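Here's a quick tour for anyone new to this one. Have a look at the sequence and the fold, then read on.

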Amino acid sequence: MKTVERTNSIEVEGLVREFKKGPRAVDGIDLYVEPGEIYGFLGPNGAGKSTTVLMLTTLLPPTAGKARVGGYDVVAEGPKVRSVIGAALQEAALDPMLTGRDHLRLQATLQGISRAERRPRAQELLDRVGLSEAADRKVGGYSGGMKRRLDLALALVHRPRIIFLDEPTTGLDIQSRTALWDEVSRLAREDGVTIFLTTQYLEEADVLANRVGIIDHGHIVAEGTPQALKADIGLPSVHAVPVEHADRERLVVALAPYGESLDGGTGDVIIRLREGLAGLPAVVRAVDDAGLTLAHLEIQAPSLDDVFLAKTGRSLEGAGEDEPEEAETAA
Amino acid sequence: MTAGVLWAQVAAVARRSVVRTSRQPAAVVFPLIFPMLLLLVNSGGLEASTNLPGFPTDSFVAFALAVPFIQGALFSTMNAGTDLARDIQTGFLNRLSLTSMRGTALIAGLLGGAVVLGLIQASFYVAVGLIIGVDFASGALGILVLFFFAAVISVSFGALGIFLALRTGSGEAIQGLFPLLFVFLFLSSMNTPRDLISVDWFRFVASINPVSYLIECVRSLIITGWDGRALGLGFGFAFLIGIVAITVATLALRQRLVRT
């Protein structure tokens with residue numbers, strides 16, 4: 001681990017979390033997030049993303065390993081960690097009976113912000129996340145996007161140096177998602193806030209993150225910039241679906257000579273083209289020679305899903321399973 | 001953390017309790033109306049009890065007016081408990097845990113909210129009593145003591161609700177326990193003075209039931225005047241329940257808040 005500095009960094013070494021009667025939700029991960037960086041933590045449900053966030057935000061003690069957030073140890077210096085972080089956890093936890101403004105005033109008070117500053121700070125954040133008009137309405141009537149924006153505003157009340165966002169756009173429509181992405185980007189770009197973002201959306205990690213860590217079954221299986229990870233895979237893949245499902249195996253055999261077969265778990269026949277795009281004409285001829293008719297044929301440039309596929313043998317979509325409940329934690 | 005910040009946190013949590021309750025009409029109206037309906041029904045049916053030799057007053061309404069204060073405290077238990085249990089279930093407690101809020105501020109704030117609501121209920125019961133002609137034997141000062149007692153039992157029963165919420169983390173579990181708390185009320189001297197209960201086992205149970213002494217404390221202020229023994233026992237049990245409940249609630253909070 002690096003020397004202790006009170007920066008906006010996140011340093012993790014050998015972090016482990018075990019659950020009662022269950023597998024290790026997080027199994028010895030190492031990572032380092034630079035100050036001011038947006039770090040995308042990508043993985044399916046049950047991969048260990050939320051458990052990692054709970055540990056880094058001091059809400060769940062690690063079973064083993066070390067982590068420093070903002071230069072403070074998450075186990076020994078919990079209150080100091082909490083003073084420099086903001087978090088919007090999975091499921092926007094809001095009180096449906098309170099208004100947006102009530103929430104911000106409560107949060108500001110609990111964060112120790114002076115009485116004189118509470119009101120203007122609340123208004124500033126309401127303006128910033130576009131909730132000024134809805135500020136005095138009960139949150140029970142807010143849409144999912146509005147709740148998520150309020151959640152983000154609450155995380156920003158005390159001007160944290162580091163923000164944890166646990167699947168902040170899950171369930172949001174594309175408009176709300178884009179608005180939230182813009183705000184997150186702005187936070188890092190203009191305010192120098194370090195952002196640790198978990199997501200199961202490839203596009204989100206691709207668009208937002210400076211670097212991505214891919215987690216599966218509690219292990220980090222790949223880490224780097226989205227561009228570097230995709231370049232590492234390098235070759236495009238062809239996705240083909242026969243008209244007759246019974247022809248699937250024949251299609252697999254016909255395409256086998258042209259590249260590595262990938263099982264994405266989606267039913268498509270997927271081949272990573274050994275010769276790149278130059279191999280495409282041969283693929284088309286092979287399908288024709290085999291007398292197969294295709295319902296769908298698509299060439300895909302390497303994506304983060306290909307990276308996930310290459311590292312885990314599974315596609316990110318549908319790879320998840322429910323993460324163990326926090327209530328099952330072992331002491 | 002300075003005392004000023006801690007106080008501000010307590011006030012903010014208390015304010016939230018009051019605001020969220022006030023925005024749910026059923027949570028406000030039911031604790032006011034239900035005890036009054038029970039009072040009217042019991043008074044109508046049990047008025048003849050006042051003819052029993054040794055019955056302490058000739059007005060059963062005055063005798064029974066003490067009961068709503070305890071029922072109100074039981075509602076405090078349920079409200080404080082279910083509010084906190086909901087916060088646990090929805091993750092709102094995690095949100096609070098991520099702030100610099102201290103655990104004591106959470107408990108004190110929730111109890112502060114329970115006191116405000118308890119005093120509103122007490123004001124309503126006193127007002128109804130005065131309107132229907134109950135003569136408070138201890139006078140205006142007695143009514144003030146009554147309000148103080150209402151605040152104390154709101155804290156005591158509210159802490160009990162907080163403890164139950166922290167232990168179970170379930171609003172349904174709290175609501176399931178509510179009838180059990182009412183059993184304590186029915187097995188007390190709510191309808192008959194203890195020395196006039198003729199069934200031995202019932203008199204014994206009522207005598208070891210702390211709720212009897214809480215009711216008799218309030219009752220003494222309404223129909224007797226200044227009865228030091230009743231006041232001492234009532235406040236004694238109220239404080240004892242409060243101390244025990246706050247202690248176990250604080251311990252349960254430490255277990256619930258696993259933050260480092």
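Why is strand β9 (residues 211–216) of chain A largely enclosed by the rest of the structure? Six of its six residues are buried, so the rest of the structure largely encloses it. Buried means that 20 or more other C-beta atoms, placed from the backbone, lie within 10 Å of a residue's own.

Keep in mind that this is a predicted model: local features need pLDDT of at least 70, side-chain atom pairs count only at pLDDT 80 or more, and totals for chains, interfaces and linings use all residues. Residues are numbered from 1 along each chain as its sequence is written, while chains are lettered from A and ligands numbered from 1 in the order in which they are written.

**Around β9(A)**
- Strands here are DSSP runs of E with at least two residues, numbered from the N terminus, and two strands pair if DSSP finds at least two bridges between them.
- R211(A), G213(A) and I215(A) are buried on one side of β9(A), and V212(A), I214(A) and D216(A) on the other.
- β3 (residues 38–42) of chain A runs parallel to β9(A), joined by four bridges; L42(A) has I214(A) as its bridge partner.
- β10 (residues 219–224) of chain A runs antiparallel to β9(A), with five bridges, and D216(A) partners H219(A).
- Two residues sit between the strands of this hairpin, where H217(A) takes a positive phi near 50°.

**The open sheet**
- Four strands of chain A line up as β2-β1-β4-β5, with antiparallel pairing.
- β2 (24–33) and β5 (72–73) of chain A are at the edges with a single partner strand each, so one side of each lacks a neighbour in the sheet.
- Seven bridges link β1 (residues 10–18) of chain A to β2(A), and V12(A) partners L31(A).

Notes
A residue is buried if 20 or more other C-beta atoms lie within 10 Å of its own, exposed if 12 or fewer, and partly exposed in between; C-beta atoms are placed from the backbone.
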